[in-house]
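Thanks for making time this morning. I would like to walk through one model with you, taking the charged side chains and a metal site in turn.

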Amino acid sequence: MKRFWSLLFLLVPIGGVATFLVAPYFNIVLPRDVSVHGRVIDNLFMFILYLTGAVFIVTELVLFYFMWKYDAKSNSKPVKYSHGSHSLEIVWTILPAVTLLFIAIYQMDAWATAKMNPPNIKPHAEVTGRQFNWDFRYPGGDDELYTEDDIVRTDGKLYLPVDEDILLKITSADVLHSFFLPNLRLKQDVVPGMTQSMWFKAKKTGGYDIVCAELCGWGHYKMKGRVFFLPREEYDQKILEMAAEQNTMRVDLPDEDE
Amino acid sequence: MSTVTADVHSGDHADHAHAGGFLRTYVFSLDHKIIGLQFLFSSLIWFFVGGLLALGIRWQLAYPWAPMPILGNMLAGAEGGQIAPENYTMLVTMHATVMIFFVIIPVLAGAFGNFLIPLMIGAEDMAVPVLNMLSYWFMWPAFIVMGASFFVEGGAAQGGWTSYPPLSVILEAAPGSLNGQTLWLIALTMVGISSMMGSVNYMTTIIQMRAPGMTMFRLPMTIWGMFITAILQAFALPVLTAAGFMQLLDRVAGTGFFLADGATANNALMASGGGQPLLWQHLFWFYSHPAVYIMILPAMGMVSDILSTFARKPLFGYKPMVYSIGGIAGLGFIVWGHHMFVSGMNPMLGMTFMVATMMIALPSAIKTFNWLGTLWGGKIQYTTPMLFAISFVSMFIIGGLSGIFMAATPVDIFIHDTYYIVAHFHYVLFAGTAMAVFGAIYYWFPKMFGRMMNDAWGKVHFALTFVLLNCVFFPMHILGWTGFPRRLADPYHYETFRNLLPLNQFISWCAFIMVGVQVIFVINFFWSMFFGPKAGRNPWHSNGLEWQAPSPPGHGNFDFQPQIYRGPYEYGSPEVEEDYYPQTQPPPAE
Ligand SMILES: [Cu+2]
Ligand SMILES: [Cu+2]
């Protein structure tokens, strides 16, 4: 029986590694990264994946080997009457401690870039989560939010220029939501009563999903938006278009319920 | 520490056992063993309920909006068995609530804590048996209130098991926030009272009632796990209870602890305000992070005992193991913020919590290496409990390592609230704790009922569950890799997640089969209770003190006065002929 049981446990590292190796063939991978900072996060993810993957394979193989070798029926030697080993304990305390500390320090920069050092520019838009929609307010011609010429959109489409530093103000009108941009590796819960910032730089044009990642009620699953990154001229054009549309629609300020 | 002599003691208690009649003996019993079994049975029943709720979730993710056969009407309550979106959020909320508060915590502390503590330390019962009985009977109001919440207007709570305000506080924010959430909070308070009574009792018993010779460093790891868990409960639970009361007041008295000024949802404007939604998250996780350890330390203890027994070899690194759970308990109180990296909490604070969280991985690593060390050079007997215990080690490696991704703050920005997290905590709580609990049931069943469970069927149960659980939970890692969010009733209308439907169908079918396979366990359990072969006192040739008592032990536990000479892990000792050396066996005369 030892063969059966140890081989069953050998399936764990084999299946685990195989899952990650096969997934890309089914296009199950990190979504396409279109941000400038995203690569740092992806590299960190892959670094931890390789590191933990190695630890995973080695420990699971050791487990398999012990199960194979020290089976009561085939191991005729007397058991090792040992209560532990000081030197081993020291080795396997210090090694992981150093590794973990290294990861901790190594990642601090990426965290600071994403969450602590906003660019010194005016916000491109204000994002408001509400059950169950993402609303966007653009500053309009004067580049200032909360003025007469603001453009307010409730169609869940956010337009931003590509290849430029972007600053967004994000908040919530009711409950918690989370503004998640999978293709930009960014996520930030929005909290009523708190205005937060989010910043990034997109390097590819196109439309990408905005996902709500914090449970916000029955319609959480359909709280979907799209962000479009446009070349500068197209973006300016789009803003003018939206401003013109707004003037004909006579939307009331400051905001409107759908 | 009892000083009565053996015969007086057992004779005295034999009377008690039969004097009370059925109600005193089996229902309102003061005997820690009966109370332990009561906890065990109610946890197993709720385990079944929680499993059914999970099936509803898996059905919706595999066949969104398709009517669910058989269970649909029961779980979703809507026409034709289709799961409505608000009912989907209710399913995720209640699946987690039931599994955490009605299954894992009560089965570890309530069932095994109660049954094993006095037996393993050589006491005749808990320090305060009445408190012990009350700790079980306070679970019942919780069971009833939580069960009733499914039937009130709006249905059971829908705010997630984390109950983040304002969703959980503003009545109009979700149907489940209308009434269900109030009942949820009341039920949780009852569970809290029950746990508190239990943990006070456990601490007192372990400190005060050990048999002569049972020093702290001769305690089995199970007892250390229970002891540290009891301490964690006692310090962390008051915070959750207070926070629960504050949320209750926000809901019924309009206090606004967790509501910002001008809070509104679904066109209802709240009069109250001036509070902070994030305050709840801090208070909630101040309890619920330590609760993660409450849900695993006793399991780690039981696994250590089973591994050593069936490796026929002393536990490797007993003291480092004890110090690591001590370390986990200490660090466990300063890492709660890792649940809040993207919540809006100060990012500077995030860095602090990140470093503390990285460090708490260390004691877990040390424990894993020591378990491997225990197997090294042993003579492993592949019994059913041993297979479950080894699987705990194998699965805990996965659950522990995947935690490092979340501790790394920049990576957590991406994987927070995705299926990566779902994979991680199911590897810890299902593949880890639940498998350890299965192992513990197979291992201590002979002590509980005096009969053995069927080993062959046990192994079938093990092999199928082990393979299927990996098919269910391992692919969730790669789902999370794509950013697939949790708690979404229909994720497939996002372009990013459209291609994940087939994988989800595979996971769901494995989950359905896995739940079905548990029938083998249920039948084996009940059949063996009545018809299993008689076990005798020490069927596994274990050293532990509990195996010196009769199976099942009578009222008062021991029919002799236990005197302890050594720790519980002296397997293969050169001092004796046999390969085991019970804690009560006097050393050979010189
Ligand atoms: Cu949402
Ligand atoms: Cu935690």
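Predicted model: local features only at pLDDT ≥ 70, side-chain atom pairs only at ≥ 80, totals over all residues.

Because A:Arg137 belongs to strand β2 of chain A while A:Asp150 belongs to the loop between β2 and β3 of chain A, the pair ties together parts that are 13 residues apart in sequence. How accessible are the two partners? A:Arg137 has 8% relative accessibility and counts as buried, and A:Asp150, at 1%, counts as buried as well.

A further bridge joins the side chains of A:Glu164 and A:Arg232, at 2.5 Å from N to O. Here A:Glu164 comes from the loop between β4 (157-161) and β5 (165-172) of chain A, and A:Arg232 from helix α5 (residues 232-249) of chain A, so the pair ties together parts that are 68 residues apart in sequence. A:Glu164 is partly exposed at 22% relative accessibility, and A:Arg232 is partly exposed with a relative accessible area of 34%.

A:Arg232 also forms a salt bridge with A:Asp236, where the closest N and O atoms are 3.4 Å apart. Both A:Asp236 and A:Arg232 lie in helix α5 of chain A, four residues apart, which is about one turn of the helix. A:Asp236, for its part, counts as partly exposed at 36% relative accessibility.

Finally, the metal site. Which protein atoms are the donors of the copper ion (ligand 2)? They are ND1 of B:His289, NE2 of B:His338 and NE2 of B:His339, lying 1.7 to 2.0 Å from the ion. Along the chain, these donors follow the spacing H-x48-H-H. Distant parts of the chain are linked in this way, with B:His289 in helix α10 (residues 277-294) of chain B and B:His339, 50 residues apart from it, in the loop between α12 (318-331) and α13 (347-375) of chain B. B:His289 itself is buried, its relative accessible area being 4%.

Conventions
Residues numbered from 1 in each chain as written. Chains lettered and ligands numbered in written order. Heavy atoms only, no water. Donors = N, O, S within 2.8 Å, 3.2 Å for Na, K, Ca; no water. Helix = DSSP H or I, 4+ residues; strand = E, 2+ residues; numbered from the N terminus. Buried < 20%, exposed > 50% of the residue type's maximum accessible area, 1.4 Å probe, protein only. Salt bridge = Lys/Arg side-chain N within 4 Å of Asp/Glu carboxyl O.
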